[in-house]
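Look over the fold before reading on.

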Amino acid sequence: MNNYIITGASRGLGKALAEALLEDEQNCVVGVSRNSTITHDRYRHQQLDFSDIAGVEHNLHKVFSPFDDAQKIVLVNNAGVIGEIGYVGQSKNEHFEFVFDVNVIVPAMLMNMFLQSFQHRQNCEKMIVNISSGAGQRAKDGWAAYCASKAALDMLSQTAQLEQEQLGTGVRVFSLSPGLIDTEMQEQIRESDAAQFSSVQQFRDYKANGALVSPEEVAQKVIQLMEKPSLARGVVCSVRDF
Ligand SMILES: NC(=O)c1ccc[n+]([C@@H]2O[C@H](COP(=O)([O-])OP(=O)(O)OC[C@H]3O[C@@H](n4cnc5c(N)ncnc54)[C@H](OP(=O)(O)O)[C@@H]3O)[C@@H](O)[C@H]2O)c1
């Protein structure tokens, strides 16, 4: 069997990815998020709120099964939040903690547990795909916590890949920018105030002009990378590369 752990599987890209993978009877999916929206024989949901670190620490082990007969085990850190859009100096202090907990701290804990559990597994392909963003490399006003969190995810991925190479485990780690996806996150961006995000009109135009890609289409790109890692130009990569 191929075993996939996908965070943020309740909607958006994560849900589209889980549903696409479940079409293949060789695949099993564990979805992790606050809400459960998929019912399938080969799907298991683990409810976790990534903004509740104490709760995550207590329950994280429940995400990981032994996956004894696995030929392939993949962790997809997809859950993400942009948080309240606004300038540094005008934001609530809790905002930074919230965005970092969901976008960096819990993904790092999941990577840590995944590697502890599976890095030395023989005869099994092991991969971590962290869903990042171009915002991790290009500053956008009003998005400081989000941009910084995705930059952190990129470096976390690069460092983990370097370590796995030094250990000779064969684990592949990617930080994949998925492009502009037509999800609730984009809805939230379009609703922001121009005084808090100067490019808001550009994002409204993306939607109006059909520039957003469906989650299903992006899910196929993620699957392409998982099936053929050589498509990526490096650890930090983009769906635009392939
Ligand atoms: N949409 C874009 O244009 C775009 C562009 C670049 C990068 N990305 C990245 O792509 C990924 C997927 O984004 P999306 O657009 O599909 O977002 P989305 O539609 O807003 O879905 C976000 C997912 O994250 C989960 N999540 C949110 N808060 C959570 C929490 N506190 N604990 C656990 N899970 C939580 C949600 O599940 P629950 O609400 O059920 O918990 C949901 O399944 C994110 O990492 C995002 O940063 C998106």
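The text below covers the overall fold, then the ligand site.

**Fold.** This is a predicted model. The chain holds 7 helices and 7 strands. Read from the N terminus, its elements follow the order β-α-β-β-α-β-α-β-α-β-α-α-α-β. The radius of gyration is 17 Å, close to the 18 Å that the globule rule gives for 242 residues, so the chain is as compact as a globular protein of that length. Along its principal axes, the C-alpha trace spans about 55 × 35 × 35 Å.

**Ligand site.** The ligand takes up the space of the largest pocket. Around the ligand are 31 residues, and S10, N78, Y146, T183 and Q186 come nearest. The shell divides into 13 nonpolar, 13 polar and 5 charged residues. Three helices, α1 (12–22), α4 (144–167) and α5 (184–190), each supply at least two residues of this shell. The largest share, 3 residues, comes from α5.

| Side chain | Distance to a ligand oxygen atom |
|---|---|
| R11 | 2.8 Å |
| T183 | 2.4 Å |
| Q186 | 2.7 Å |

How much of the ligand does the protein bury? Taken alone, the ligand exposes 890 Å², and the protein buries 97% of that.

How values were computed: Residues are numbered from 1 along each chain as its sequence is written. This is a predicted model: local features need pLDDT of at least 70, side-chain atom pairs count only at pLDDT 80 or more; totals for chains, interfaces and linings use all residues. Side-chain values use heavy atoms; hydrogens and water are left out. A residue is near a molecule or strand if one of its heavy atoms lies within 4 Å of it. A polar contact is a pair of N or O atoms within 3.5 Å; within protein, one must be able to donate a hydrogen and the other to accept it, and residues adjacent in sequence count only if both atoms are side-chain atoms. Accessible areas come from the Shrake-Rupley method with a 1.4 Å probe; for residues, only the protein chains shown count as cover. On a 1 Å grid over the protein atoms alone, a cavity is a set of points where a 1.4 Å probe fits but cannot get out, and a pocket is an open set with protein on both sides within 12 Å along at least five of seven lines; lining residues have an atom within 4 Å of a point. A molecule sits in a cavity or pocket if more than half of its atoms lie within 2 Å of its grid points. Helices (H or I, at least four residues) and strands (E, at least two) are DSSP runs, numbered from the N terminus. Ala, Val, Leu, Ile, Met, Phe, Trp, Tyr, Cys and Pro count as nonpolar, Asp, Glu, Lys and Arg as charged, and the others, Gly among them, as polar. The radius of gyration is taken over C-alpha atoms; the globule rule is 2.2 Å times the number of residues to the power 0.38.
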